[in-house]
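These are my notebook entries on one structure. I went through it place by place and wrote down what I looked up.

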Amino acid sequence: MPDDTSPFDDESTGSRESKVEYRLVHRSARPNDSVVTFGDVPFGDGDVTAIAGPCAVESAEQIETSAAIVAQHGGHVLRGGAFKPRTSPHSFQGIGLEGVEMMRRAADAHDLAMVTEVMRPGHVEVMAPNVDAFQLGARNMQNFDLLREVGRTSTPALLKRGFGTTVREWLLAAEYILDAGNDRVVLCERGIRTFEDSTRFTLDLAGAARAKRKTHLPVVVDPSHATGDPELVPAMARAAVAADIDGVMLETHPDPTSARSDGDQALRPESFGRAMERLRDVANACDRRLER
Ligand code: PEP
Ligand code: MN
């Protein structure tokens, strides 16, 4: 990666001080890109890592079928939320701790690593033995108690960017986790809120590429939540790979019409398969590999 010479680097105060604000995650802290592993799956080694699965764990059968689909098409990490941060209190909130265990079994059965969201500090300790990585959701990106609690473990974290936050604030959130002692952090751009409403959020691909230049930590892109549209997801995933992003997160569901959350944006299994094939082609064209 080139040295970060962006004039925007000192965006907060325009002073030199702001550059050391995120001194642990800043590229100057480490000579090389950090490689972070979820289970035995690496992020940041130059190749492309694919996280995929449903928005939510709904049942043992649904997550098992999802894991089979993800593995069949060359995904590496199974995703799925057992605790769902929903905009409405009337929406499905997730099936809870039982869902984490179901997911663990499904991932193991298909030789996948897994990542699932933790929403409260009090769940970190109880979930840690069953997860390969904690997802910290967009809505919790600045839940500093939660960041610190995950920072006190050695379990990797997937830190999603808050949809109302700058790249600087995102990196400072990661800084909290490293400052608490855990340097196993992967950043995930998942779209920000802008005036544009033709997509669910606005995919800030340039912001993700900027983050990658500022930090030694791996950066992935989630085009599912960013666009909210399964027709746009595959192309935005390919764009991320062409932009040297370390991996992608894709929502796929065995039957999106019956999904209990985010069904509208989930790729059907056949579309997921095609998306992975074309992603592989773009990776190869960029002299990177999707195979692991
Ligand atoms: C999710 O990954 O299902 C999710 C809730 O993501 P975000 O926190 O980015 O909205
Ligand atoms: Mn979702």
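Is M114 buried or exposed? I looked up its relative accessibility, found 0%, and therefore wrote M114 down as buried; buried means under 20% relative accessible area, exposed over 50%, and partly exposed in between, with a 1.4 Å probe and protein chains only.

Before going on, I noted that this is a predicted model, in which local features need pLDDT of at least 70 and side-chain atom pairs count only at pLDDT 80 or more, while totals for chains, interfaces and linings use all residues. Residues are numbered from 1 along each chain as its sequence is written, chains are lettered from A and ligands numbered from 1 in the order in which they are written, and side-chain values use heavy atoms, with hydrogens and water left out.

**Entry: the strands**

I placed M114 in strand 5 (residues 113-117), where strands (E, at least two residues) and helices (H or I, at least four) are DSSP runs numbered from the N terminus.

I then followed the pairing, for which DSSP must find at least two bridges between two strands. Strand 6 (residues 133-136) runs parallel to strand 7 and is joined to it by 3 bridges, with L158 as the bridge partner of Q135. Strand 7 also pairs with strand 8 in the parallel sense, over 4 bridges, and here L159 has L187 as its partner.

In a regular strand the side chains alternate between the two faces of the sheet. In strand 7 (residues 157-160) I saw A157 and L159 pointing one way and L158 and K160 the other, all of them buried. For strand 8 (residues 185-189) I found 5 of the 5 residues buried, so this strand is largely enclosed by the rest of the structure.

**Entry: ligand 1**

Which residues surround ligand 1? I listed C55, R79, K84, Q135, G137, A138, R139, K160, R190, H225 and E251, a residue being near if one of its heavy atoms lies within 4 Å. By class this shell has 2 nonpolar, 3 polar and 6 charged residues, where Ala, Val, Leu, Ile, Met, Phe, Trp, Tyr, Cys and Pro count as nonpolar, Asp, Glu, Lys and Arg as charged, and the others, Gly among them, as polar.

For polar contacts (pairs of N or O atoms within 3.5 Å), I noted that a polar side-chain atom of K84 lies 2.8 Å from an oxygen atom of ligand 1, and that one of Q135 lies 2.9 Å from an oxygen atom of the ligand. Taken alone, ligand 1 exposes 300 Å², of which the protein buries 96%; accessible areas come from the Shrake-Rupley method with a 1.4 Å probe.

**Entry: the manganese ion**

I found the manganese ion (ligand 2) coordinated by C55 (SG), H225 (NE2), E251 (OE) and D262 (OD), at 2.0 to 2.4 Å; donors are N, O and S atoms within 2.8 Å of the metal (3.2 Å for Na, K and Ca), and sites may look incomplete, as water is not among the atoms. Both E251 and D262 are buried.

**Entry: two backbone angles**

Most residues other than glycine have a negative phi. I noted D244, in the loop between helix 8 and strand 10, with a positive phi of about 70 degrees, and D287, in the segment after helix 9, with a positive phi of about 60 degrees. D244 is partly exposed, because its relative accessible area is 36%, whereas D287 counts as exposed at 64%.

Technical notes. A polar contact is a pair of N or O atoms within 3.5 Å; within protein, one must be able to donate a hydrogen and the other to accept it, and residues adjacent in sequence count only if both atoms are side-chain atoms.
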